[in-house]
Amino acid sequence: MEGYGLFLVLLVSALLLGFLSVLFALVWVFHYREGLSWDGGSAEFNWHPVLIITGFIFIQGIAIIVYRLPWTWKCSKLLIKFIHAGLNTIAMILAIVSLVAVFDFHNAKNIPNMYSLHSWIGLTAVIFYTLQLVLGFAVFLLPFAPVSLRASLMPIHIYSGLLIFATVIATALMGFTEKLIFALKTPAPAYNTSPPEAIFVNTLGLLIVIFGALILWMATRPHWKRPPEENSKIQQPNGGTPEGTEEESTMTDCSNTDKSDVEFNSEAAARKRNLKLDEVGQRSTM
């Protein structure tokens, strides 16, 4: 893998920043707010930022780069697909629960729903994320979609995933600002006076931005892309493989190619050598 050391540094940095973001979210709601509960009060609303940061940002970020981890390249592609889909499913469930907490809190306090740009973009991101997950299951995980359809949809799937991830981060930053403006008012220290809570949450926003930047960088470097699996390429009439096609692996664990495949390849190589020797012998007798 080209630039393995740099990739490892970026990966460790991203994981550390993601973990710190979740930790900062918990400190925020327990130290500066009312903690967590499910009683229709402010503590129920606090589930929203905690679950969004944990699932919709941190776990989704890990799901995006799981294909890029070089020590998984000997694993079955199908296994990595299940891990990718499982992480995204967890992120989606946490995001939906966070939305339920917000709506329940708003309804209990008679606060209007869906009036801010933050809520518009946030709900749109959840809807598109759900569609992305369902289509991903149907097209790339289940064995029914034709190869041509997978090849044509793969660039769209990748682009939309990165777009949703970036949109979620931007929406979270909008939510931080909105929450601080409403929560920090006079006579208490107002937001524009930079009280400790405001500085703390702004720092949380910076951590999330840097985390997202690292994930997007690792996910878009072509030399860190998972290499094709030689034993499962779909052969075309010209001997090549269609560009962008996902090569399915028949391996079920992180071992190398199956013994039967090795034997088959060895026999094929031996036949080629014998043919070449025969050709040389024929030319030498002419």
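Val97 has its place in helix H4, which spans residues 77-108, in what is a predicted model. At a relative accessibility of 32%, Val97 counts as partly exposed, because that class lies between the limits of 20% for buried and 50% for exposed residues. Together with Trp38, Ile93, Ile96 and Val100, Val97 makes up a nonpolar surface patch of about 420 Å².

A second residue, Ile62, is found in helix H3, which covers residues 47-65. Ile62 is likewise partly exposed, its relative accessible area being 26%. Once residues up to four places away in sequence are set aside, Ile62 touches Leu15 and Leu87. Ile62 and Ala14 stand 48 residues apart along the chain, and their C-alpha atoms are separated by 9.1 Å.

The two residues are set out below.

As for the confidence of the prediction, the protein chain averages a pLDDT of 84, and 79% of the residues score at least 70. Over residues 231-252, however, the pLDDT is below 50, although this stretch has 46 contacts in the model beyond near neighbours in sequence. The pLDDT is also below 50 over residues 255-265, a stretch with 8 contacts in the model when near neighbours in sequence are left out.

Conventions: Residues numbered from 1 in each chain as written. Predicted model: local features only at pLDDT ≥ 70, side-chain atom pairs only at ≥ 80, totals over all residues. Heavy atoms only, no water. Helix = DSSP H or I, 4+ residues; strand = E, 2+ residues; numbered from the N terminus. Buried < 20%, exposed > 50% of the residue type's maximum accessible area, 1.4 Å probe, protein only. Contact = heavy atoms within 4.5 Å. Patch = residues over 30% accessible without salt bridge, like charges linked within 9 Å, V, L, I, M, F, W, Y side chains within 5 Å. Areas by Shrake-Rupley, 256 points an atom, 1.4 Å probe, with all protein chains shown as cover. Salt bridge = Lys/Arg side-chain N within 4 Å of Asp/Glu carboxyl O. pLDDT = per-residue confidence, 0-100.
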